[in-house]
Each structure stands twice: as C-alpha cells, then as structure tokens.
Amino acid sequence: MSALFNKCCITIFFKYICIANYNGVGEVKGLHHITLVTRNQKVNFRFYTEILGLRRVKVSVNQDDIYHRHLFYADHEGNPGSTITFFEWPELSRGRVGLTSPHHISYGVKKVESIIRWKKWLASKGVSVRGPFVRDGRISLYLRDPDGVLIEITRKDSEKLEPKYILELEEKIKEPDRVDSDMILQKLDHSSPVASDSGLLEKFFTKVLGLKKNYSTKNPDQADSLIVGIGNEQRTDFMRYIVSDKAPYGIVGIGNIHHIAMMVEEDQDQRHIMRKLEDLGIRNSGIIDRFWFKSLYFRDPEGNLLEVATKGPGYTVDEPQEELGKTLALPVWLEPKRNEIEIQLKELDSKNREEWPPNYDNIPERPEQLKQ
Ligand SMILES: [Fe+2]
Ligand SMILES: [Fe+2]
C-alpha cells in the first residue's frame with residue numbers, strides 16, 4: 001500500500017518537473033563506486049582479492065553504523081570508478097532484486113580473450129559461471145560471489161564477436177594459473193537497477209543529473225522488459241536499467257546492491273546537483289564528508305538509492321599507497337572511539353562463522369532476467 005502511495009507521489013512529482021523545464025549541465029562523469037552487503041568480511045576479502053584479483057584499499061566502518069565494517073576494493077591504484085565496497089551486516093537476511101534493489105554490477109576487461117580466460121579461471125576455482133553471451137555488441141560472462149551477488153564481466157568489441165571466433169578461443173586458451181595482466185578488472189562498466197517506467201527515468205536523469213538516455217533495447221533475457229542505457233557523451237551506458245512494468249519490489253539484504261555512486265570531479269559540481277535536487281523538492285542527504293570523498297544521497301523515481309561522490313581526496317589521504325587497506329582506517333572524527341569500535345568488531349567476528357570455500361549459488365540460464 002505504501003509502495004503504491006510512493007509511486008503515485010513520484011509520478012505526480014515528475015509531471016511537475018517536466019513543466020519546470022530544468023536543464024542539467026552534465027557534471028556526472030561515470031560511476032564512482034557501488035556498495036553492496038556481505039555476510040562475512042573474511043570470505044568477502046578472499047573472494048575479491050584471491051579470485052577476482054582486486055586490491056583491498058580500505059578497511060573502515062560504516063559511518064552511519066559504526067560498529068559494522070565497510071570494506072573497499074579497487075584496482076591497484078585505488079581509482080574511483082573501479083571501486084566496489086561492502087557493508088558487513090551478518091544480521092541481515094538474504095535480499096532480493098527488484099524495484100529499489102538493483103539487479104547486478106558489471107566490470108569491464110580489455111580484451112575479448114580476457115572473458116575466456118576468466119571463464120576458465122573461475123571454473124577452476126569452483127565458482128558458478130554462465131556464458132559467454134554475445135549480445136548488443138558486447139560479450140559477457142556472469143558469476144556469483146559467495147553472498148549471491150550477480151557480477152558480469154564484459155567487453156564491448158563488435159568486430160571480434162563472431163561465434164566461430166569465440167569457439168576457437170575457447171579451444172585455444174588454456175586455464176590461467178592466476179589473474180594475469182590480461183584479465184585485470186578495469187573500471188566498473190555498468191550497474192543495472194530495476195525500474196518500471198522508462199519515461200520517468202529519462203526525465204530524472206536528464207533534468208536532475210544532466211545525463212541522457214542513449215538507447216532503449218529489448219532485454220534478450222526477458223521478453224517483457226527493456227534495457228535502457230543512460231550515460232553521458234563519453235560513457236553512454238554506465239547505468240543500464242532493466243525496465244518492466246511488471247517488475248516486483250525487491251529487498252536490499254545480504255548479496256544485494258545497497259547503493260550506486262556516480263562521480264563528479266569537483267565539490268562545486270556536487271553542490272550544483274544538490275541545488276537542483278533542492279529546487280525540485282527532491283529529498284536528499286545534503287553533502288556529507290566521508291573523509292576519502294564527499295557524498296550526496298538521493299533516490300531515483302523508483303526508489304533506488306543513488307549517490308554523487310567527489311573524485312577526491314582519495315584513499316591515500318590517510319595511508320600511503322603501499323599500505324592501503326591493511327589495517328582499520330577511521331576518519332579523524334571516529335578516532336576517539338577506536339578502542340570501542342575494535343572491541344565491538346571483535347565481538348561481531350566471534351559470532352560470524354567463516355566458510356571457505358563457499359557454496360556458490362547457480363545463475364539462471366538467462367542471467368539478466370528479473371527473477372533470480
Ligand atoms: Fe549487464
Ligand atoms: Fe557510497
């Protein structure tokens with residue numbers, strides 16, 4: 001009932017912003033990070049470093065819930081745009097994708113060959129994997145992390161995607177013995193939240209964030225849904241919404257995306273977006289100093305939690321590059337509580353059993369279908 005009420009309010013509100021004719025200015029550069037929920041930080045650490053070859057660049061606590069960890073993984077340099085972060089919340093139940101609970105995340109790799117190497121590497125580690133699929137000028141492989149998060153590894157390369165060529169690669173490429181330089185997960189390619197109304201989405205992203213809908217195409221994995229690509233001139237679809245008027249509501253929990261953060265270069269760009277949100281009456285968090293960047297939170301018309309984060313100052317503001325992510329890092333205002341936090345985290349760990357290797361959930365035959 002309340003979900004229906006919210007939807008009605010949102011629809012009326014967007015009719016208002018159409019009339020307001022508010023133009024965006026395009027400060028959003030792409031993705032900054034995506035934040036998810038994990039049950040166990042040790043399993044999470046082993047998976048994202050040993051299996052996916054990312055680097056842990058920060059171990060901290062959730063600044064809004066300081067007795068639970070916040071873990072950051074990224075490329076070796078800790079660049080925004082490659083960052084995936086996790087709140088460790090063992091008390092939560094398993095979530096479900098749908099409206100308000102985004103569907104999957106996607107990392108890009110540099111070669112078509114990399115996808116085949118990943119398939120062989122992941123299979124050798126017992127990770128559930130499906131693909132590769134060739135669709136919309138991209139080749140994609142899907143896997144699940146130990147909590148059930150659906151992850152896509154993808155490469156856009158329309159010239160090399162003949163089925164015969166892919167088969168030859170599968171025969172030719174040998175199983176890698178590590179995540180080699182050809183396989184490195186580069187930037188986040190896209191995130192796929194779920195929506196029910198592509199018109200509302202387009203108005204929101206153009207009028208509030210200065211982005212645009214660059215395409216809308218049939219979802220090859222689900223006949224009654226669309227894939228709507230939203231981005232800027234350089235990165236045309238860092239948001240690839242799955243849109244269906246039959247989409248059910250989801251629940252954010254373990255194994256789900258909590259929020260998706262887009263990047264702006266400068267503080268003034270973030271302030272500009274906040275002013276636009278305020279002018280349009282859209283509830284937002286105000287600008288919050290997160291120590292490694294500044295954050296502004298709000299929801300899209302369907303209730304997905306979004307953030308706009310500044311590029312800097314970055315993860316090296318408090319730790320040298322070579323020491324990133326090795327010990328608990330706290331923003332200066334939480335240092336007086338360090339003892340208390342460490343005791344609480346130890347207590348949490350004592351009740352949070354670690355299982356390695358984990359049991360990986362299967363992936364549907366059609367990975368980007370709504371029902372997971
Ligand atoms: Fe995708
Ligand atoms: Fe965030």
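Two residues are in contact when heavy atoms of one lie within 4.5 Å of the other. By this rule, and leaving out residues up to four places away in sequence, Trp118 touches Ile51, Leu52, Val109, Leu141, Ile153, Val179, Met183 and Leu185. The model is predicted, so local features need pLDDT of at least 70 and side-chain atom pairs pLDDT 80 or more, while totals for chains, interfaces and linings use all residues. Residues are numbered from 1 along each chain as its sequence is written, chains are lettered from A and ligands numbered from 1 in the order written, and side-chain values use heavy atoms, without hydrogens and water.

Trp118 belongs to the largest nonpolar core, which has 71 residues. A nonpolar core is a set of buried Ala, Val, Leu, Ile, Met, Phe, Trp, Tyr and Cys residues joined through side-chain atoms within 4.5 Å. Buried means under 20% relative accessible area, exposed over 50%, and partly exposed in between (1.4 Å probe, protein chains only). Leu52, Trp118, Phe205, Leu209 and Tyr241 touch the most other members. A second, separate core has ten residues, including Val57 and Tyr315.

The model also holds an iron ion (ligand 1), coordinated by His104 (NE2), Glu152 (OE), His190 (NE2) and Glu368 (OE) at 2.0 to 2.3 Å. Donors are N, O and S atoms within 2.8 Å of the metal (3.2 Å for Na, K and Ca); water is not among the atoms, so sites may look incomplete. In sequence, the donor residues follow the spacing H-x47-E-x37-H-x177-E.
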